[in-house]
Structures are given as C-alpha cells and as structure tokens.
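Subject: The model you asked about

Hi,

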Amino acid sequence: MKLYEYVIRRLILLVFVLFAVSLLVFYFTRGFPRGMAPWTPYIHPKMTAEQIEQVIKEHGFDRPLYEQYFYWLRDILRGDWGRTGAWAQGLPANEVFFNHFPYTVELSVFATIITVGIGIPMGIISALKNNKLPDHACRIIALAGYSTPAYWFGFMLQLIFFYYFSVWGLPHLPSSQASTLGKPSITGIPIIDGLLTGNFAYAWDEFIHLILPSFSLAFISLGFLARIVRASMLEVLRQDYIVMARSKGLKERVVIYRHALKNALIPAVTLTGIFFAYLLGGAMITEYVFSWPGVGQQALRAIFQGDSNFILLYSLVFATIIVISNLVVDVLYAFLDPRIRY
Amino acid sequence: MSKQEPEVRKGEWEARLADIKYSLYLLRKNPLVITGTIIALFFIILALLANIIVDPKLAYPEGYPGNMYPFERKFMWNANHPIQWGPGISLYTGPEFFPLGTDSYGRDLLKMIILAIPVDLYFAAIITIIAAVFGTLLGAIAGYIGGIVDEIVLRITDVFFAFPGLVLALVFASIFGRTLETLALAIILVWWPPYTRLMRGQVLSEKEKPYVEALKALGASPLRILFGHILPNSIFPILVQATMDFGGVILTFSALMFLGFSPSPAMPELGNLAADGYGHVFDAPWVMLFPGLTILIISLAFNLVGDGLRDVLDPRLRR
Amino acid sequence: MKKQNRTQPILEVRNLKLNFHTYRGEVKALNGVDLKLYPEEALALVGESGCGKSVTALAITGLLPENAYIVDGEIIFKGENLLKKSKEEMREFRMSECAIVFQDPATYLNPVLRMGIQLKEAVLLHKDALKQMVIAEKRGEKIGYQEFLAMKTSQNQISTKGYRVSRKKINEMAEKLIMDILKLVKLPDPERILKSYPHELSGGMKQRAMIAMALARRPSIFLADEITTALDVTIQAQILYLLKELRQKIATSILLITHDLSVAAEIADRIAVMYGGNVVEVSSTRAIFKKPLHPYTQLLLKAIPNILNPTERLESIPGTVPEMINPPSGCRFHPRCLYAMDICTKNRPNLKEVEKEHEVACFLY
C-alpha cells in the first residue's frame, strides 16, 4: 500500500486510540469520587462543607459521568484543560504541562545519547566475541541494567556521587533538581537556552545536573538495546553475503563495518526511536528520585492529588507520542531497508 | 475425530522431547544461565522457608496488628536510635547483632528482607501467570479466528500499549484501595498486551504451515488444532518472555510499593522496606541499599535464565 | 577446449580429511580428497548433494565455518600449503589469487548496499594496480580490463614511485574497470546496474554480477560452486556460454562444482567424480563419458535420460546417500555397489592411474 495511505490509516487509528484512552482514564479518575476526588484542585482545607458542595456543583462534578465527559470534551476542544494544582492554586493544566515538558525533553535526549553511545558498542562487542569473556561481561552488565530498580539506582548514584564524593573531598555532582541559576527562555529547554543566549555558566550548570539522572535512566535501558544489537548482529554475521564479502578478500574490519553493521543496526535504530518516545512520556520514578521538574513528576503529583484534569492531559499526550513514534519508526524502517522501499 | 490425530500428537511430543534435550544441552554449556538458575532456585527455596526461618511476628513489634494505619512510632530520634548497624541494642529484645542493620522501626533488616521475599515472589508469580495466560489465550483466539475478532483484539492491545501503564496502575490503586490484590490487578491490566501480540504472531505463522492443513483434513476440530497442536508448538517464546517478565514484574510491583501504595508502611515487602530508607539515604544508606540490592539480585537471576533460554531457543543460533 | 599445460598443477589437494563438529556427533565430511588442478584448464567436480564438493571449495578458499576442523591432508598452491597459512595470508589469497562464485546470488549479495559499492570494493583492494592504471592512462596508454589483467605479471608493471595519485582518481579508475568488466559479462546498461540494489536485478543478472566481482580480482583460480543450480534452464545456458567465452579471453583455471553431469560436459576439460567425501574417478570429459570405470560413475551416466530413446526406463542408483556421522567403512560406496567385494568393506581404495590420464579409486582395478 502506498505510503500516505498507510500514514493516514495510522492517524485515524491514533484518533481512535485517543478516544479510548480518554474514556478509560476519565472513567477511572472521575468515576470513583470516594477513592479519588476530582474536585481536589479546586478546594482548600479551610473550606467548609457547604463551600465544597458549591465548588462541586460549579464544576459539575455531581452530574452523571457521560455528561461530565461531554463537557470535558467540549472544553478541551476550546483549549481549556481545566486547572491543576492543589488547594485551588489552579494553574491551567496545559500551562503546567508545557512548563515542565522541556525538562523531560532534556532528560530524554541525554539519556538516549548515553544509551545509544554505550549500548550499541556493547552489543557489537558481544556479538563479535560471542560466548567469550567480553560477551559474558557485557551480558551481565546489560542484564543488571534492566534488573535494577530505578528508584534504588537513582539513590545509590546520589549516595556515591554526591554524598560520598563530597565527604571524601572529591568534586561532586549535584544530587537533584535542575539548575536554579535563573532561566533565560527561548526554546524553554534550559541547556539550549543557555547556549543560545551565551550564558555558558547556566548551560554548564544544567549539564552537570543532567548527568546523574540521565545516566540513571540510561543504565536501565542500555542493556536492552545491547541485547537486541547483539542478537541482530549475530544473525547478520551468519548470512551468506558476509561469507561472500570475506571471499572477496576484504579485511575483516571492512566486512563488519560496511556489510554487517548496516544490516544489523536497522532494528536498533527503530528500537531507539521507540525508547526515546517512551522517555518523552516522562520517567516518573527517576524524576521523583532526582526531584527533576519534568512532566513525570507532575503526573505523580497529580495522581496523589486526585487531579483528573492533569492526568487526562498527560495520558493523552503520552498516547499521542507513543502512536506517532511507532508510526515514524515504521516509516523509517522502510527507508532504511531498501527491500521494503520498492 | 479420526484415529490418526493422536498419532500426530505423539509424534509431535517426541520431537519436542528431543528438542528439549538439545536445549538443555545448550543451556548446560552456558555458565551464566547456570548461575542464574542456581540463584533463582535459592531464592525460591528461601521464600518457601521464610516464615519458618524467621518469626513473622517480628515484623509487627509490640503486638501492632499488621494492617493498622497509621502506625505509631514510639521511638523517635534519641540516643537509642532505632537505626543501627552491626552490634547494637534492639529496641525490642535487648542487645543483638544486626548483620544488615536495622530499618527505621528498629527491626533487624536481614530478617525483614527474608520475610519480604516470599511476598514479592508470590505476587510476581501470580501476576506473571495470570497476565501471561490471559494474554496468550486472547492472542491465540484472535490469531486463529482472524477477521473481526482479530481486529477488535488488535485495537484493544493498541490502546493498552499507548497507555502510560504506571499511571493507570497508580490510579487504579488510588481508587480501589491500597491492598496488594488491587496492586496486582492493576499490574496485570497493564502487563498482558505483549503476550497477546506475541501469541498472535506465533499463531498466524503456524496457521499457514502444512501440518495444520493436514490436521484439518484429518477432521480435527479447530479447538483441538489450536490447543492441542498450535499452542504447544508456540509455547517456548511465551515461556521465555514470562521468565524475563518475572524480573520486570518484581521491579514494577516493588516500585509501586515504594511510591507509597502499600497497605501499611511496616509491611515487609522489598519496595516498602526501601521506601523506609528514603529519608535517611545519606546517613543510613543500608536501609535502602539492601532491600534494593535483593530486588536486583532476584530480578537478575530470573533475567539471566530467561536470556539464556532465549538464546537457546533462537532457531538461528542453533547448530 | 584449450590445451592444458601438463607440467605442474597450480592447485593440488592431497588426502584432505575434514570433520564438522556438531551436537549429534562428528560429521566426517571429507575422507581423503585428492585433486589436481592444472593451469588454464577447466576441471569439473561432480557429485550428489552432500558428497563434499562445496566443502572442498570452502576449504580451498579458507572460508570454512567455525565448527569445521582439518584432520589431515594438504592443499598446495604455488608450492605452499594453504592450510598452514595465517588468516591474513588467506585473505590475500582470496583477494588476488582465488575467486569463488556461489550458488544463490540472492542471498550472497548484501541487500542494503548498492551494486556499485559491492562491485567496486572487489577492485579497490588492488590499490597499487589501480595506481599504475591511472599513470598509464596519463601517459596516454589504453586502459581496460585486459590491460589490468596483463599487469598481473611483473614485467608489465609500472613503477609507482614518486607518483601521487588522488583517491578520487583511483575511484574513477575502479569504476571504469568495473564498467569494462560488466561489458565483458554481457550486463546491459552498466551505469544503471551500479546504482541498483541487488533485489532489483534478475537472477541471471545477479549471477553475472557475481562473476564480474570474481573477475575483478584477476584470479588464477576461479571456483564456481553450483553457479547455475539456482537459475532456470535458459539462464543456465547463458551463463555457461558466458563462462566458455571468458575462458577464451582469460587465462584462469576453473574449478566447476556441479551435480549436473551435462553442465560439466559443456565446459570441463576434465571431470572428477566425488562420492561420500572422496574423489572416485578423474579423467578427461571424453573418457568419463565414453568409458566410465568406477561403478558409481557408470550408474550416474546410466541415470541420465537418453533423449534419443525416450521410452527407456529411468535408472536410479539403489540405496541412499551415506550418512556422514557413521559412514560406511572402507570404500564408502560399497553398500550400493554391485561389484562389492570383501576388501571393499575394510579398506579405502586410493586413486590409481589405470589408463593414460584416467584415475580410479576402486579395488576392481
């Protein structure tokens, strides 16, 4: 089927998925007021019972669910995602989301760079020295990576690189939070803004702060990437055209770099794309551990506060990112593998 | 039902047995898998014996019922600090040696970890098995019947894949109460889609194979073909996935407990114990270090086994 | 047919014994293979599937898989034992002395690289020769594949001392050479071929391209491993015809591996028949067809349907191909041989010259 037909089909699917996701989330976050009170963002502890009742009526939380859904739908189509934040501090939900999103982007980009930078070579080495010592070593590191609890690893990193380092008098990496050095704002992404405005001290400070959380995230996923690269590489190395390349008298290094890698890395590229998209959704636990002001942290807060508006916004954005990234990756696959293109 | 179909099945099982023997041979050659298996077995046995080795009542000192919330902490920061390491004074039983230190309730951490292991393993097993069984069945049916059923199932899995799983699990837990069972249910809800996709793919490729046509010609009913033949032939990748998922489920389960969704903060469960150390990471790191390390080792063991299995079962890597 | 140079063989395989290590046991694939390939001749290695023909080719080129190991024997090329050479030396061997073309061009070409790259890389290995060609071109001499071939002998070489040739020029020269070779193998529209991916070419075209890749290395030995098996009959004929033409133009020895005696008859000067890991009969094509000595060869010839007598019953050879983990003792053909004697189960017969330039390995002689 033609490319644009395929894309259109997937976009229609996206709309369907978004509907389904919104319905599900709506049902759970607003349908059980005893468990999660959707009016929490609009009240504060000093309110009396009648005032709370007032707020409920005002925002329509006492209406039947399907009515509520309809009103919510109407509101978001007008761009009003409701308010978020406890105790009636109420900032518009989409503002909060987009204020925090750049931090998540930063984290995702760095983590992906580290993952790819370490994971792919690890996988290649593993494949080339299959079943020998480097393979076993890489395998343990890879598997340790995705057996590690994210929250635990984050804290252990902080323990070592922040606390103990400073105790031992070594230069240390900050434990948490993005840089607090004042924030110029062009793209909203702190490091890039720092570089663009020439405020290198700021950019550097942000970078320092990024190291630990990115590494924490990356460690967990680089193992997975390495395994995939290894499997893919092993399969490619068994192919006939590799024998052919060797039979031409090409140096082994050329055989591997020119012939094997190009084939083997195709699945790795697609996997990286998906992984990056997943990270963009906000790695909640890591952001929590490092007090990183990203979207994941906000989502966590929203859940604890019963803030249905933000949760809905977050879920829909997440779903969109996932579906679109899957689509992009599939199309990319077609470009990378000439057999599919034609 | 024809008389030949049981013959076919017998033949299939013989072939599978030979396959299994070959797989075991390959596995034995892999030192990492063997290490993983030993460690995993060690923990399973430990889990089974945990409540015998360590007195469960130690988890709830002073006779506090386990599920009462809030838990009153009588022992605040004073000279008799509850968090200790090594030789120290137990708040409950006098002088004692704490090989892994104490947690913030003054309980022996080693004993708490031992008590926590069966909880994690048990729930991880239940979650994995239910999610795998449900997902596999759904995928098998969708793949075999095809048509509109397949479409619907595919769309449903698409939706669940696009879902922020952790969010859903947390929301679920918020609504339905913080019990272990709700948490387990929430995780199952999020964990089944990969099995469906996997099984569906397997069934789709098996369906085209000649032996299925032959079975149909013999007069076997679709149910028999699906569950008697296709399912056993496709089960290996599912097993591998389940073994590896086991580690992942333990991580997720304990992560959710860490975030605060446990029925009681004193309950011995690895994530919960780690959460206990949250405020004291720098001055009493062992409170978080050891429970997390335990999770890492258990998860690593199962992942080693699963990874080794996957290597072995990969048809292209076999000699 | 060219007259062979009956002096020294350019390649000689002596008593090659080779096993594969597998889970189910040791596969004794080669049981003492003896083979002599003379300069500028075409030798066909004929036998059923599984008799070890391809394995022999892989052993010669040093491309055996990891689980293969040599038990005994030598492969002598220009006076040296190839089996004792290092990996790097074998690589150079493959680069400039020995080229092999494989059976299924679809799987032996890299699907993500353009044909141009895959073709050029074969030539670009010979940087020095290319440099000389560029210098020759500057001097106004004619350049083309024949000249490239001629440069192989040291008298024709040009000194490259003191000349600096840019990489770009070398690339261009390589491309010109490749286009020349593509014309030689009768591939139409060479420019388009260079830009194409393998899956865009037909089977016959791919096979010609593989032959081109082999020619680009100016090999003294050209191994063709079942190169026509994957093609349909008309294309088969074209490729065979091409090979015959090339033989006129290029002075290489060809070792043609095939299971099809008629293919062998088309091109080969001599035929060597293999069975169960041994060479059982070697002679000129004429002699093999006119007077086959080994019982296996006789049965093979009988099995070819006779176009002149279509109602004749098709003969087949009784029994099945031996299983190589536990092969028959002594002469591996004895379970299927009509003339099997007691000694055939105990000892393995060696190749003996029974008539002029006709060797057989059989206790009947």
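Into which domains is chain C divided? There are two entries in the assignment: domain 1 is made of 3–97 + 220–320 + 349–360, and domain 2 covers 107–203. Before you go further, please keep in mind that this is a predicted model.

**How the two domains of chain C meet**

The C-alpha centres of domain 1 and domain 2 of chain C are 30 Å apart. Where they touch, 7 residues of domain 1 of chain C meet 6 residues of domain 2 of chain C. On the domain 1 side, helix 2 and helix 10 (233–249) of chain C each give at least two residues to that contact. Sorted by class, this side of domain 1 of chain C has 6 nonpolar residues, 1 polar residue and no charged ones.

**Chain C as a whole**

Chain C has 14 helices and 12 strands. Its radius of gyration is 22 Å, close to the 21 Å that the globule rule gives for 365 residues, so chain C is as compact as a globular protein of that length. Of the 365 residues in chain C, 45% are buried. If you take the contacts in chain C between residues at least 6 apart in sequence, 67% of them join residues at least 24 apart.

**A sheet and a hairpin in chain C**

One open sheet in chain C has 4 strands in the order 2-1-4-5, with antiparallel pairing. Its edges are strand 2 (25–37) and strand 5 (80–81) of chain C, each of which pairs on one side only. Strand 5 of chain C is held to strand 4 (residues 68–77) of chain C by 2 bridges, and the two run antiparallel. In that pairing, I76(C) sits opposite N81(C) of strand 5 of chain C.

The loop between strand 4 and strand 5 of chain C is where you will find K78(C). Most residues other than glycine have a negative phi. K78(C), which is not a glycine, has a positive phi of about 50 degrees. Is K78(C) buried or exposed? It has 11 C-beta neighbours inside 10 Å, so K78(C) counts as exposed.

R218(C) also has a positive phi, near 50 degrees, in a residue other than glycine. It is found in the loop between helix 9 (203–215) and strand 7 (221–225) of chain C. R218(C) has 21 other C-beta atoms within 10 Å, which means that it is buried.

Further along, strand 11 (residues 352–355) and strand 12 (residues 358–360) of chain C run antiparallel and are joined by 3 bridges. E355(C) has H358(C) in strand 12 of chain C as its bridge partner. This hairpin has 2 residues between the strands, and E357(C) takes a positive phi near 55 degrees there.

**Chain A, and where it meets the other chains**

Chain A has 14 helices and 2 strands. Buried residues account for 45% of its 342 residues. For contacts in chain A with a separation of 6 or more, 69% are between residues 24 or more positions apart.

What does chain A bring to its contact with chain B? It brings 41 residues, and chain B brings 36 residues. On the chain A side, the elements giving two or more residues are helix 1 (3–30), helix 5 (133–147), helix 6 (150–167), helix 8 (200–237), helix 11 (284–289), helix 12 (295–305) and helix 13 (308–336) of chain A. That side of chain A has 30 nonpolar, 8 polar and 3 charged residues.

Helix 9 (residues 240–247) of chain A is worth a look too. Its buried residues are Y241(A), M244(A), A245(A), R246(A) and S247(A). Their cover includes helix 10 (252–280) of chain A, together with helix 1 (53–61), helix 2 (87–96), strand 6 (98–101) and helix 3 (105–108) of chain C. After helix 9 of chain A comes G249(A), with a positive phi near 90 degrees.

Cheers

Note on methods
Residues are numbered from 1 along each chain as its sequence is written. Chains are lettered from A and ligands numbered from 1 in the order in which they are written. This is a predicted model: local features need pLDDT of at least 70, side-chain atom pairs count only at pLDDT 80 or more; totals for chains, interfaces and linings use all residues. Ala, Val, Leu, Ile, Met, Phe, Trp, Tyr, Cys and Pro count as nonpolar, Asp, Glu, Lys and Arg as charged, and the others, Gly among them, as polar. Two strands pair if DSSP finds at least two bridges between them. A residue is buried if 20 or more other C-beta atoms lie within 10 Å of its own, exposed if 12 or fewer, and partly exposed in between; C-beta atoms are placed from the backbone. Domain bounds come from an automatic or database domain assignment. The radius of gyration is taken over C-alpha atoms; the globule rule is 2.2 Å times the number of residues to the power 0.38.
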